[in-house]
Amino acid sequence: VIDGVGVVVEVNAETDFVAKNDKFVDFTKNLAKVVADENPADVEALMACKMGDGTVDDALKALILVIKENIKVRRFTRYEGVCSAYVHGGGTHGILVNFETTNDIDAKDEFVAYGKDIAMQVAAANPGYVDEASVPAEVVAKEKEIMLAQMAQDPKTANKPEAVKEKMIEGKIKKFFKENCLVDQEFVKDGDLTVAQYTAKVAKDLGGEIKIVKFARFVKGE
């Protein structure tokens, strides 16, 4: 996170040994800075951006010559505004979360700790969406379809009245949201709170408002 811009990049090497190499680490940090500064449209555009005396592509080829292993710039995400980043497991997971805040509370240490907590939540609990509103209608429809098919095959539920089935589906969809929407998930550090409740508590303590806008979760090689 540099000057109001957050970046997460995935650079793949063939061995973990190379991933810990100082030259590889420096290249990745410089690459993130290029993404932050230049805002390229995609990986192809990034490769043509300036880095050092040449382009990113030149720098990558030079690194491959030194390290003697194939290295690939795979993907990146760039968010503007208030961001928190977290790298888990020595680079197995890269997380970037984008927030909207009021009253400059993002400058406070407590917010920095909160932002890291949310990024760690994304790493650990793997939400698919920020909230219920961001789940596409077709995803919900597909889930309902699967649930109805399961009920039809289960002798215990197959002959229940439609109204009862609807009620059961409602409960199952609520469970789906609770598992897949970041704000509805149980907060991993305190199961008595949801992420939304934890967010509201921190915002109140800091005297402002916090909204989780979006997140990116990269798992190496997925």
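A residue counts as buried when its relative accessible area is under 20%. The views below show a predicted model.

View 1. Thr77 belongs to strand E4, which comprises residues 72–80. With a relative accessible area of 17%, Thr77 falls under the 20% limit and is therefore buried. When neighbours within four places in sequence are set aside, the contacts of Thr77 are Gly6, Val7, Val8, Leu96, Ala216 and Phe218.

**View 2. The open three-stranded sheet E5-E6-E9.** Three strands form an open sheet in the order E5-E6-E9, and their pairing is antiparallel. Strand E5 (82–88) and E9 are the edge strands, each of which pairs on one side only. Direction ignored, neighbouring strands of this sheet are turned by 15° against each other on average.

**View 3. Pairing of strands E6 and E9.** Strand E6 (residues 93–101) is paired with E9 over nine bridges, in the antiparallel sense. Within this view, Glu100 stands opposite Lys211 of E9. Strand E9 spans residues 210–219 and is mostly covered, with seven of its ten residues buried.

**View 4. The packing of helix H5 against helix H9.** The axes of H5 and helix H9 (residues 195–206) come within 11 Å and cross at roughly 170°. An angle over 145 degrees counts as roughly antiparallel, and H5 and H9 are therefore roughly antiparallel to each other. On the H5 side, the contact is made by Glu110, Phe111, Tyr114, Asp117, Ile118 and Gln121. On the H9 side, Val195, Tyr198, Thr199, Val202 and Leu206 take part. Sorted by class, the residues of this contact of H5 with H9 are seven nonpolar, two polar and two charged.

**View 5. The crossing of helices H6 and H8.** Helix H6 (residues 137–153) and helix H8 (residues 162–180) have axes that come within 10 Å and cross at roughly 130°. This angle makes H6 oblique to H8. The crossing of the two helices is right-handed. From H6, the contact involves Val139, Val140, Glu143, Lys144, Met147, Leu148 and Met151. From H8, the contact involves Lys165, Met168, Ile169, Lys172, Ile173, Phe176 and Phe177. Ten residues of the contact of H6 with H8 are nonpolar and four are charged, with no polar residue.

**View 6. Ala137 in helix H6.** Ala137 has its place in helix H6. A relative accessibility of 61% lies over the 50% limit, so Ala137 counts as exposed. Lys204 is 67 residues from Ala137 along the chain, and the C-alpha atoms of the two residues are separated by 32 Å.

View 7. Asp104 lies in the loop between E6 and helix H5 (109–125). The phi of Asp104 is near 55°, a positive value in a residue other than glycine. Asp104 has a relative accessible area of 62% and is exposed. Asn126 is located in the loop between H5 and H6. The phi of Asn126 is near 50°, again a positive value in a residue other than glycine. At 44% relative accessibility, Asn126 counts as partly exposed.

**View 8. Val1 in the segment before strand E1.** Val1 is found in the segment that precedes strand E1 (5–12). The relative accessible area of Val1 is 55%, and the residue is exposed. Not counting residues up to four places away in sequence, Val1 touches Gly6, Cys83, Ser84 and Ala85. The C-alpha atoms of Val1 and Val122 are separated by 17 Å, and the two residues are 121 residues apart along the chain.

Key:
Residues are numbered from 1 along each chain as its sequence is written. This is a predicted model: local features need pLDDT of at least 70, side-chain atom pairs count only at pLDDT 80 or more; totals for chains, interfaces and linings use all residues. Side-chain values use heavy atoms; hydrogens and water are left out. Axes are lines fitted to C-alpha atoms, for helices over the stretch in contact, and angles run from 0 to 180 degrees between N-to-C directions. Helices (H or I, at least four residues) and strands (E, at least two) are DSSP runs, numbered from the N terminus. Angles under 35 degrees count as roughly parallel, over 145 as roughly antiparallel, 65 to 115 as roughly perpendicular and the rest as oblique. A crossing is left-handed if the near helix is turned anticlockwise from the far one by less than a right angle, and right-handed if clockwise. Contact means heavy atoms within 4.5 Å. Ala, Val, Leu, Ile, Met, Phe, Trp, Tyr, Cys and Pro count as nonpolar, Asp, Glu, Lys and Arg as charged, and the others, Gly among them, as polar. Buried means under 20% relative accessible area, exposed over 50%, partly exposed in between (1.4 Å probe, protein chains only). Two strands pair if DSSP finds at least two bridges between them.
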